[in-house]
Structure formats: C-alpha cells, structure tokens
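Please open the model in your viewer and keep the sequence panel beside it. The tour below goes from selection to selection and says what is to be found at each stop.

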Amino acid sequence: MATDPDLFSAITPEPQPSEVALALRAQLNHWAHQYYVLDEPTVPDAEYDRVFRELQALEAAHPDLVTPDSPTQRVIGAVMEGLAPVRHTVPMLSIHTETDTEATGAQAFDARVRRELGLADADPAIEYVAEPKFDGLAMSLRYENGRLVQAATRGDGEVGEDVTHNIRTIRQIPLTLPSGVPPLLEVRGEVYMRRADFDALNERQREQGGKTFVNPRNAAAGAVRQLDSNITAQRPLSFFAYGLGAITPPAEGGPVFRTHYEMLQTLKSWGFPVATQVQIAVDATELVAFHQQVGASRDALPYDIDGVVYKVNSLQLQRDLGFKTREPRWAVAHKYPAQEMATKIEGIDVQVGRTGKITPVARLAPVFVGGVTVTNATLHNLFEIRKKGVRVGDTVIVRRAGDVIPEVVGVMPGNRTGYVPNFQMPTACPVCGSAVVREKGEANHRCTGGLFCAAQRKEAILHFAARRAMDIEGLGDKLVDQLVDANVIRTLPDLYRLGLTSLIALERMAEKSAQNVLAALEKSKQTTLPRFLFGLGLRHVGEATAKDLAKHFGTLDAIMDASVEQLLEVNDVGPVVAQSLHTFFAQPHNREVVEQLRACGVTWPEGPVAERAPQILAGKTVVLTGTLPTLSREAAKDMLEAAGAKVAGSVSKKTSYVVAGAEAGSKLAKAEELGVPVLDEAGMLALLSGAGAGAGA
C-alpha cells in the first residue's frame with residue numbers, strides 16, 4: 001500500500017540539528033578510525049569530505065553545537081603564546097637500555113628478572129611482552145569521562161609540556177572514547193612520523209626552499225612542539241599506544257588487568273592504535289627470536305625503530321619487581337645498531353644520474369651506521385650544501401635508515417679549523433664533458449649530454465629494461481655496465497641488435513644465460529604505449545602520466561607532434577611536464593631513437609582514440625591478489641586499465657571484482673567476507689572480452 005509522504009512527514013518529525021550533528025560526528029569518527037587506525041578505508045575520500053563539509057555547515061549555522069571533540073575541531077588554528085607545564089600524576093619514567101645488540105642482551109635481562117624474583121633454574125619460565133621500540137616522542141593522553149582533555153610530553157618525567165592543541169590534529173588519536181571506559185584514563189604512547197611522510201615532507205621543504213629535517217623523530221618532535229596547530233596539521237604524525245598512566249582504580253569502578261598484554265588489547269578495543277608486532281614471549285629463547293625477527297624486518301617497516309622492548313607480562317610480578325632509582329626492574333630496551341653516526345668529510349664528488357641530474361656526494365671516513373659501513377653519502381644539491389654549511393673536512397652527522405641512500409643531515413659545530421672554500425658545482429659533466437646547467441626555478445644542476453653521456457646511457461638502459469617499463473628480464477646493472485663499457489651498446493636500439501656471439505664474449509656470460517637475455521629482448525618487443533613512453537625516461541613523466549598521454553592521444557606520433565597547448569589538455573599534465581615533453585620530442589636525435597626502436601620490431605597496439613577498444617570496465621574497481629598462472633601482475637594491471645578499470649591495492653565494499661591467483665591471502669578473505677565477486681585469470685580474460693557474466697553490470 002502506498003504511503004502518503006505528507007502524512008509520513010507529519011508523524012515523523014525532522015531530526016533536530018543536535019541529533020544530526022551527533023550522527024555526522026559518529027559517522028566521521030567511525031570512518032576515521034577505519035582509515036587511520038585499522039588502515040582499512042571503506043569510503044572514498046570524496047565521501048568523507050562531503051560529510052565533513054556537511055557537519056561544518058551545520059556547526060556554522062548553529063555555533064552552540066560545536067564541541068571540542070568534533071572532527072571539525074582537530075585543527076583549531078589558534079597560535080599559543082607558549083607551552084604550559086604539566087605535572088604528570090604518574091611519572092613518565094625511562095627504562096634501562098641494553099646496548100648489547102646481540103642475543104646476550106635478552107639473556108641478561110631474563111637472568112636479572114629471575115634473580116630479582118628469587119627463582120631457581122627449575123622454576124617455570126617468565127612470560128614477557130615484546131614490543132618494537134619506536135623512535136619518536138613519548139606522549140601522555142589524559143581522558144576524563146571519555147573525552148581527551150590534555151596531551152603532554154614526557155619532559156623530565158615529572159613535568160612535561162601541554163601540547164593538546166597539536167595532538168588533536170593526529171587522526172589516529174581518538175578525541176572521544178566508547179562507553180565503558182574508566183572516568184579517568186591516561187594513555188601513554190609514542191608520536192612518530194612514518195618514513196614515507198617524512199620523505200615527502202623533506203621533499204616539499206626542498207622544493208619550497210625551506211628547512212629540511214634531520215630524521216623522522218626530529219620532524220615529529222618539532223611538529224608536536226609548534227605553537228601554531230595549523231603548522232602541525234601540515235606535518236603528518238602518527239601514534240602508537242603502549243601503556244597507561246593514571247587510571248580510575250578498581251575500587252572506584254576502574255578495570256582490573258592481570259597482564260600487560262591484556263591491557264594493550266583493551267586499549268586497542270577502545271580505539272587506540274597498537275603495534276601489530278607486539279607478542280608474548282616465554283623465556284630468553286623467545287626474546288632472542290623476537291629481537292632477531294624484528295631486526296630482520298626493520299628496514300621494511302614503514303616507521304623507524306631503534307630497538308625492541310621487553311616487559312614482564314604479569315602486572316603482579318611488575319609490582320613485585322618494582323623500580324630501581326627511576327627505572328622499572330621489569331622492563332628493558334634492547335637496541336639495534338645506530339642509524340645516525342658522526343664522521344668526517346674527506347672530499348666532495350659528483351654523480352650523474354639517469355636524467356642528467358648532477359648530485360654532490362660526500363666521500364666519508366668509513367663509519368658503521370645502520371648495520372653497514374658507509375663511505376659515501378648524498379648531499380642532494382648545491383642549495384642543500386649551502387643551507388647546511390657543509391665543507392670538506394667538516395665532522396658531520398650521517399644517517400642511513402632502511403634502503404634509503406645514506407645522507408649528510410647536518411654539520412657538528414666547532415670542529416672546523418681554518419678557512420675552507422665553499423664547494424662549487426662543475427661547469428662540465430665529469431663523464432662526457434657536456435655543459436652543466438641549472439634551469440630557472442630548479443634546485444638541481446644537469447648534464448646536457450642526454451643519451452650521449454655514458455653515465456646517462458647506463459641508467460637510461462636500466463630504466464628502459466625495468467619491470468614496469470619494457471620488462472627485459474636478466475638485463476641488470478652488471479650486464480649493462482659491461483655492454484656500455486665495452487661500447488657494445490651506445491643507444492637504446494642497440495639492445496635489439498645484440499647477438500649471441502657478442503653476449504657470450506662478455507665476462508661470466510654462459511651461452512644459456514645469453515640465450516635467455518635474447519629471448520627476453522624478443523619478448524619485450526610486444527609492449528604497450530604507456531610502457532614504451534615510461535621506458536624512454538622522459539623527465540617528469542611517470543607511469544600514471546604515460547597512461548594519461550596514451551589514453552588521450554591514442555598514438556605515439558600524435559604525442560610526438562603535439563604542441564605545448566595540446567599537451568596541456570591531458571589530465572594532470574601541467575606547464576612543466578608539457579614543456580619537457582615538447583622539448584624532448586623536438587630533438588632530432590630523440591626522434592631517431594624512437595624510429596630505430598620501431599625499426600627493430602618494438603610495437604604496441606595503438607590507433608586513433610575513437611577506434612580503440614570500448615572501456616567495458618569504466619567505473620569499475622578491481623583488486624589483484626596472488627600469482628596468476630600465465631600473466632604477470634603488471635600485465636594483468638595493464639589489461640584491466642586499458643579496459644577502463646581502476647586497479648586498487650585494497651578491498652572494500654566499493655570493489656567490483658577481485659582477481660585471485662595462487663597463494664592469495666588476506667585480500668581474498670576480505671572479498672569473501674564482503675561478498676565481492678572473485679575471478680580467476682580465465683574469468684578476468686572472459687570479463688575483458690565482454691563474455692564474462694556481469695561485465696556490464
């Protein structure tokens with residue numbers, strides 16, 4: 001039976017603005033928790049932004065509805081006159097550090113705990129909680145009746161600084177807590193900056209001529225102590241919880257925890273991020289295994305750690321062990337090799353990169369840092385050298401984290417004796433002798449030799465052969481070095497003129513290996529226009545831009561003949577990229593390289609835009625997982641994107657299909673949980689051909 005809408009509205013009153021605001025805040029907080037804490041976004045950014053703007057408009061119309069814990073109030077924008085002191089109800093004490101980076105550090109701690117507890121060898125093993133030791137800034141978050149009321153730094157352990165205005169900008173930190181939390185709750189944890197966020201921040205600072213930061217910890221500490229929260233909001237910070245300070249006692253209705261691990265899981269259930277590496281370890285043997293396991297994966301972590309922490313799991317045993325001066329007897333930090341060390345600059349050379357960029361490199365007195373001996377470190381460019389005041393003979397701080405190239409991050413003052421002249425960039429390329437220039441508005445100097453410069457030839461060939469470009473398997477650094485150094489290859493087309501005899505003549509090249517390289521070269525001739533464009537190593541043209549160019553113009557000739565104005569019509573192509581492309585294809589020797597590659601048999605599907613295959617998957621989102629039987633991940637991605645699909649890295653309710661191969665993991669499980677259609681390789685190919693069920697759905 002139809003319902004009269006006027007009658008329905010008469011008996012169902014419009015929700016009050018306060019009710020709408022409450023619902024919008026709850027929705028935004030839920031989405032933020034999924035995105036920032038669980039790393040499992042369920043809505044597009046645009047949807048979050050739409051609801052956020054709706055709440056902003058509502059609060060603007062009804063200022064009395066604005067609450068301190070509203071998502072709109074994370075960045076308040078007021079500049080503080082100074083950071084007020086905060087006396088900690090429960091002191092924020094440091095823990096003892098075990099500097100022995102070998103297994104004996106864990107063994108010594110276990111022996112010490114057993115001795116303090118009066119345990120004999122025959123007594124049961126001690127249960128511990130093992131955690132990463134984050135390289136960030138210790139923080140105490142005070143909640144009263146479920147609302148964040150104060151955030152304070154460690155300070156001297158007794159008195160810290162009030163940084164509430166800045167901590168509110170960190171999306172991982174909840175402003176309100178669910179029902180059932182104790183009336184008073186102080187959560188202790190670490191504010192840090194992820195490596196990718198740190199690198200992006202420093203890159204922005206360099207582009208803007210601003211100060212770069214020494215390491216993620218210093219960047220995080222500086223952001224937290226800003227007087228203007230708008231500045232903090234522009235420096236992406238993260239948070240991990242690892243303990244408690246003051247809390248409502250059990251006698252007054254507070255929670256009862258038996259173990260440290262139980263407490264961490266409860267914090268997680270209340271909405272706080274807790275490191276996934278945290279685990280229970282029994283006796284010294286498992287502590288040693290944890291130290292080695294985390295150490296082996298240290299470089300792959302998205303954030304810096306400088307060790308691991310062991311804590312006695314039983315809270316009763318923690319109380320029995322107590323404290324020694326200002327350190328708990330029940331915990332210890334077990335360090336890894338330092339990632340920053342001091343050493344002396346013995347000289348400054350320059351290196352020539354694939355695009356001709358001239359990078360100053362410091363020659364160092366050998367120093368052991370980040371687990372390896374470092375003798376060279378990047379100085380980035382002349383402006384960085386001037387800004388940091390680096391000169392030959394200086395004692396400097398060198399940093400190496402993960403697979404990042406070691407860099408000189410600062411000069412230690414007071415070590416320079418006498419006058420030392422400033423470093424000057426060369427006017428001629430040290431490899432080919434071509435002129436070195438610096439384009440207007442750029443910080444970097446470049447060699448003008450292009451593919452005629454041997455240094456650029458090597459890097460250009462390696463880039464051309466890379467997996468995401470022409471995917472020539474077996475053509476690695478050592479082989480390219482030999483081919484270029486022996487003048488077997490001078491330009492890219494020479495790759496496809498290689499013969500078995502010339503390859504076998506190279507050092508350590510057997511006939512079977514040579515045949516494999518030739519087979520890989522032959523296979524690479526069948527490619528796609530985006531891969532070919534990306535493989536040419538065009539300045540400012542990454543994979544995404546190459547795909548946009550191919551999609552817009554359809555043919556390589558159309559791209560090469562396009563004017564700057566026509567190039568600017570391409571999605572996300574700005575003046576710098578357009579001018580770079582136009583300049584590249586205006587050079588006769590570059591066009592000659594392209595024509596020779598075509599003459600060697602390099603080909604790809606192309607045609608006028610109107611004649612290309614229909615975008616049968618336009619608007620669809622596809623996720624790839626596992627190993628497909630015949631297609632590489634990149635080949636499958638190319639095929640899907642050519643059909644108009646967006647290939648995403650995670651599964652959500654918005655995912656249209658998941659293509660799963662052998663050893664598919666959590667993404668497949670997530671798809672099955674959400675009811676997302678799952679295809680194998682054959683199903684994907686059928687979908688692309690238009691024969692798959694639901695292809696047009």
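Two strands are said to pair if DSSP finds at least two bridges between them, and the strands themselves (E, at least two residues), like the helices (H or I, at least four residues), are DSSP runs numbered from the N terminus. The model is a predicted one, in which local features need pLDDT of at least 70 and side-chain atom pairs count only at pLDDT 80 or more, while totals for chains, interfaces and linings use all residues. Residues are numbered from 1 along each chain as its sequence is written, and side-chain values use heavy atoms, with hydrogens and water left out.

**The whole chain**

Begin with everything selected: the C-alpha atoms fill a box of roughly 90 × 85 × 60 Å, taken along the principal axes, and the secondary structure comes to 25 helices and 24 strands. Of the 697 residues, 46% count as buried, where buried means under 20% relative accessible area, exposed over 50% and partly exposed in between, with a 1.4 Å probe and protein chains only. If a contact is taken as heavy atoms within 4.5 Å, residues 24 or more positions apart account for 67% of the contacts with a separation of 6 or more.

**The parallel sheet**

Select next the open sheet of four strands, whose order is β22-β21-β23-β24 with parallel pairing. Its edge strands are β22 (646–648) and β24 (678–679), each of which pairs on one side only. Strand β21 (residues 621–625) pairs with β22 in the parallel sense over three bridges, and threonine 621 can be found opposite lysine 646 in β22.

Eight of the nine residues of β7 are buried, and eight of the ten residues of β8 are buried, so β8 is largely enclosed by the rest of the structure.

**Aromatic pairs**

Show the aromatic side chains next. Rings of Phe, Tyr and Trp (its six-membered ring) pair if their centres lie within 6.5 Å, and planes under 30 degrees apart count as stacked, over 60 as edge-to-face and the rest as tilted. By this rule there are twelve aromatic pairs. Phenylalanine 134 and phenylalanine 240 have ring centres 4.7 Å apart and planes at 25°, so the pair is stacked. Because phenylalanine 134 lies in strand β3 and phenylalanine 240 in strand β8 (residues 238–247), the pair ties together parts that are 106 residues apart in sequence. Phenylalanine 134 is buried at a relative accessible area of 8%, and phenylalanine 240 is buried at 9%.

A second pair to select is tyrosine 143 with phenylalanine 272, whose ring centres are 5.6 Å apart and whose planes stand at 85°, so the pair is edge-to-face. Tyrosine 143 belongs to strand β4 (residues 137–144) and phenylalanine 272 to the loop between α9 (260–269) and β9, 129 residues apart. Tyrosine 143 is buried at 1% relative accessibility, as is phenylalanine 272 at 0%.

**Helix α10**

Which residues of α10 are buried? They are Ala284, Leu287, Val288, Phe290, His291 and Val294. Seen down the axis of α10, these residues fall within an arc of 160° (that of the directions from the helix axis to the C-beta atoms), so they line one face of the helix. An α-helix has 3.6 residues a turn, so residues three or four places apart point the same way. What covers the buried residues of α10 includes α4 (104–117), β3 (127–134), β9 (279–282), β10 (305–312) and β13 (331–335), whereas the face turned away from the buried side carries the exposed residues Thr285, Gln292 and Ala296.

**Lysine 525**

End at lysine 525, in the loop between α16 (511–524) and α17 (529–535). Lysine 525 is buried at 13% relative accessibility, and, leaving aside residues up to four places away in sequence, it touches Tyr496, Cys600, Gly601, Val602 and Thr603.
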